[in-house]
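Welcome! Let us walk through this structure together, starting with the place where its chains meet.

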Amino acid sequence: MNRRTVIKNLALIIGGAAILPSCMQEKGKASIGLKNINIDADQEKLIGDMAETIIPKTTTPGAKDLQLHLFVLKMVDDCCTKKDQQDFITGMGQFTDLVKKQNNRSFSDCDAKQREEILLAIDKDRKDPKSTTYPPELKTFYNLVKGQTVNGYTTSKYFMTKQVVYELVPGRYNAFYPVKKQAV
Amino acid sequence: MANLNIDSVKERTFDAIVIGSGMSGGWAAKEFTDKGYKTLILERGRDVKHIKDYPTTNMYPWEFEHRGEMPMAVQEANPVVNRCYAFHEDAAHFFVKDKEHPYIQDKPFDWIRGYQVGGKSLLWARQTQRWSDFDFEGPARDGFAVDWPIRYADIAPWYSYVEKFAGISGNKDGLAELPDGEFLPAFPLNSVEQYFSKHVKSKYNRHVISARCAHLSKPNQIHLDQGRAQCQERILCQRGCPFGGYFSANASTIPWALKSGNLTLRPHSVVQSIIYDESKGKATGVRIIDTNTKEAIEYYAKVIFVNAAAMNTNLVLLNSTSHRFPNGLGNDSGVLGKYVAFHNYSAHMSAEYDGLLEWTTDGRNPAGGGYIPRFRNLHKQETGFLRGYAAGFSAYRRQNRSWDGVGSSLKENLAKNDLGPWSVGSHMMGETIPKEASYVKLDDKLKDDWGVPLLKISMDYDDNDAKMKKDYIEQLTEMFTSAGFTNIKAESDHRAPGLDIHEMGGARMGNDPKTSILNKWNQMHAVNNVFVTDGACMTSTSCQNPSLTYMALTARAVDHAVSEMKKGNIA
């Protein structure tokens, strides 16, 4: 990553942090206002750690840098049915218990590799819709966190300006455009 | 006081009143004002000024709070409008919400409305095809509805007239069933669309052409004079286009008419009824309610054009009762509100194609791809159902982006630009048969906030529609299969009528006053200074997108009204 990109990414991160009055935060409550679901600070941290495991910081920004966990919470709060919201909360409890049972520690206390393994197992299990390895609420919870983290990531300003560039105004339509070999 | 009153009446008197400011109303206003007539255009909703009132038009995807998705509370409160394909965060402000303007569904009907200056012309899908005599002769040949009182030759010059001003892109394809027009350059078919076009031409003698659409692919002086610019291929049309790249009343006819100095635009004006003067034997004006002040006001004019959009035009006419017309204005025949119909959009197809992988596309196609003109029952009846369908056809390649897994490998996959195979898609656009049993009526008791009875709507699919849908799926499946497409899937949805947003009829044109409301000039048989030139006038629906025909009928009807005014037949 060149210096310019680093500076731009840093600006994005700082910009993201500035809208979050985290130091003013009342202890134990989520850092954003939610209308339909109750999320405490620990649960927010769990979603944050899950999102960071799904989209980790590498040489490019990760979920926490882009505040994707807050996007997940906003989408669940605003755009889900009551049933999905209930399942989200129930599934989050099931997930928390399962992780504790299997690893003798909370998700947040697991290291990055363990976190990835835990989520990968659920992710792979989704391929078989009939699987009963995980309770349905847990699956709904995971699907919402995963889906909205990726949705938030691929529609973020960072992604749409730096990874797969979105053009508001193409000003062209080439009906026959040769496919060039991708330079890797 | 008496003088004041006279002045007040004078201030409320115009040469022409146009009810509705959308697709056809905008044209009526433009034509009257161009010819020097003082015109009042009444719009029930708010004003939407070109560019200034397009709040989302330059927003990036990440600037939308929910990235375009409508919050669940809004979706649940609006089951009807939420089913419309364009009801998203970027354009929701141009749609009527369910609870704002209730109506009664005697049968399920998704009534999609845009109550604002420009109406649904801001939101339309911009597809524009001419009708031919295969369409105008349909009812007479196949024995339904009544004979159209016009033929292609009557309307052809008016198609040309409106096309030049609106700006229609397309190719001269030389098809009798879809006559050529005054075209700006077409948006070309891509490699797979062109391949499919050649294939079905050689194998079936059917056609896949560049979809004709109201986009300025290469503006002429007349478009620049309107303040419009070349289409920028943004495909964010439903937000309102700051370039005026597609035709809307807001970008084109309304500002043009205002520039003449002859137009008075009055938003927030719900028309309650048209005033009929029994002694004069004509309509003298309209009664409106100002939705801000709740004040009832009368406006007067020599001639009245009703362009409130098909269903609401019926509502206004049905609610305009008098001793002479107890069942609605001009309704001697009793057919007012009957023979309403729609378009059958209830099936679509998808498939994949593994060929031509050396090609993709770059940018976006405002035309949306290809158009398959009607090929069924064209020259003669040849199937077990009446009439036929047109179809959209498009091909596109998506980025192969796997959402599987988590972590850095997922991140890498999401950033990949590898192209997948070609995806192809099609949707049917079927003609439906207007029937006496299909109707809109006024409710006996329930009224809206302005004292206007609520509209009851009843229309449904019939056996003919079911057979036609089956045929569309069979024919497209065969065409797709023989073209070598794979993974072919047909989907039939159970949408209610209305979601096609092509509701038509109720005040149909016809030769016989005993069976129709309007004559060949869109003029009421019984009231010669009232004209209806929106979807309500349609005798049959054919399967073309109807807006271009409304525009042409409107310009033609204004020309006739003006010549009748000059002769003193309308005074």
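A salt bridge here is a side-chain nitrogen of Lys or Arg within 4 Å of a carboxyl oxygen of Asp or Glu. Across the interface of chain A and chain B, that rule finds three salt bridges. One to look for joins the side chains of A:K127 and B:D404, at 2.6 Å from N to O.

Before going on, a word about what you are looking at. This is a predicted model, in which local features need pLDDT of at least 70 and side-chain atom pairs count only at pLDDT 80 or more, while totals for chains, interfaces and linings use all residues. Residues are numbered from 1 along each chain as its sequence is written, chains are lettered from A and ligands numbered from 1 in the order in which they are written, and side-chain values use heavy atoms, with hydrogens and water left out.

Back to the interface. Contact means heavy atoms within 4.5 Å, and the contact takes 52 residues from chain A and 48 residues from chain B. The two chains bury about 4,300 Å² between them, 63% of it on carbon and sulfur atoms; buried area is the accessible area (1.4 Å probe) that two parts lose on being put together, summed over both. On the side of chain A, the residues that lose the most area to chain B are A:L168, A:Y173 and A:F176, together 19% of what that side buries.

Now turn to chain A itself. Helices (H or I, at least four residues) and strands (E, at least two) are DSSP runs, numbered from the N terminus. By this rule chain A has seven helices and one strand, and along the sequence they follow the pattern α-α-α-α-α-α-α-β. Of the 184 residues of chain A, 45% count as buried, where buried means under 20% relative accessible area, exposed over 50% and partly exposed in between (1.4 Å probe, protein chains only).

A:K45 forms a salt bridge with A:D49, their closest N and O atoms being 3.1 Å apart. These residues are four apart in the helix, which means that about one helical turn separates them. A:K45 counts as partly exposed, at 43% relative accessibility, whereas A:D49 is buried at 1%.

B:R374 forms a salt bridge with B:D135, with the closest N and O atoms 4.0 Å apart. B:R374 lies in the loop between β15 (370–372) and β16 (389–399) of chain B and B:D135 in helix α4 of chain B, so this pair ties together parts that are 239 residues apart in sequence. Both B:R374 and B:D135 are buried.

Finally, find strand β1 (residues 13–19) of chain B. Six of its seven residues are buried, so the strand is largely enclosed by the rest of the structure. Which strands does it pair with? Two strands pair if DSSP finds at least two bridges between them. β1(B) pairs in the parallel sense with strand β10 (residues 296–306) of chain B over six bridges, with B:I19 opposite B:V306. β1(B) also pairs in the parallel sense with strand β2 (residues 39–42) of chain B, over four bridges, and there B:I17 stands opposite B:L40.
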